[in-house]
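Hi,

Here is the model we talked about, with my notes below it. Have a look at the structure first, then read on.

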Amino acid sequence: YIEYDVTTGRFYVWSSMTGEMYIFRRKANSLEVVLEKIQRVSELYGKYVRSFTIEGNMIHFPCVHASMIVTVNKNNFRVIARNPVPLSMAGMVQVTRIQNYYYLTVSTDINFDQKAATIVRARSLADFGKGNYENINKLFGGDGAPYYIEAFDGSYYATVLRVNGKPCVYKFDVQNDTLTNIQEMCR
């Protein structure tokens with residue numbers, strides 16, 4: 001998984017099983033990208049983490065095998081928070097913040113059963129583990145495994161892999177924490 005951090009001008013590249021983040025920078029006056037350093041989150045070694053989200057000076061890692069969202073300091077990669085999630089949501093793909101909510105896409109439960117696939121949102125990362133979340137999966141077709149939510153050109157896009165294997169993208173807007181203008185863009 002790769003994310004560009006505009007505040008540092010760096011590309012962050014995550015190795016999904018080794019707990020390593022490869023940080024690349026663009027070489028001055030060049031199109032070349034070079035490896036600047038490798039940071040490690042030792043407690044994520046050997047645990048499946050599909051993605052990460054940079055939020056200010058923090059990075060959130062939804063860790064499948066630990067059934068928790070691990071948050072580290074972006075500068076030194078020290079763990080600053082561990083927020084458990086229910087085993088039914090352990091197969092997390094991505095957590096992302098949109099306005100005042102964290103959105104969590106879940107493709108399976110802890111046993112990799114896709115029947116648990118859903119999209120939920122909560123006011124804080126701790127709320128997922130406390131059961132204080134809203135299931136919004138029905139807004140995105142209600143079937144299939146949701147994966148990534150990305151922002152582009154003022155809107156958001158959620159990718160959902162349908163039960164029949166066909167991917168579907170939903171375009172939507174968020175106004176005052178309300179999802180609006182949801183458009184299914186499936187073929």
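By class, the lining of the largest pocket comes out as eight nonpolar, four charged and three polar residues. Bear in mind that this is a predicted model. The volume of that pocket is about 260 Å³. Its lining counts 15 residues, and the ones closest to the pocket centre are Glu3, Thr53, Ile54, Thr96 and Glu150.

Which elements give two or more residues to this lining? They are β1 (2–5), β5 (53–55), β9 (91–98) and β13 (145–152). Of these, β9 gives the most, with four residues.

The other thing I looked at is strand β11, residues 118–122. Five of its five residues are buried, so β11 is largely enclosed by the rest of the structure. You can follow that on both faces: Thr118, Val120 and Ala122 are buried on one side, and Ile119 and Arg121 are buried on the other.

What does β11 pair with? Strand β10 (residues 101–108) runs antiparallel to β11, and five bridges join the two.

Cheers

Definitions and conventions:
Residues are numbered from 1 along each chain as its sequence is written. This is a predicted model: local features need pLDDT of at least 70, side-chain atom pairs count only at pLDDT 80 or more; totals for chains, interfaces and linings use all residues. Side-chain values use heavy atoms; hydrogens and water are left out. On a 1 Å grid over the protein atoms alone, a cavity is a set of points where a 1.4 Å probe fits but cannot get out, and a pocket is an open set with protein on both sides within 12 Å along at least five of seven lines; lining residues have an atom within 4 Å of a point. Grid points are joined across faces, edges and corners, and a volume is the space filled by probe spheres set on the points. Ala, Val, Leu, Ile, Met, Phe, Trp, Tyr, Cys and Pro count as nonpolar, Asp, Glu, Lys and Arg as charged, and the others, Gly among them, as polar. Buried means under 20% relative accessible area, exposed over 50%, partly exposed in between (1.4 Å probe, protein chains only). Two strands pair if DSSP finds at least two bridges between them.
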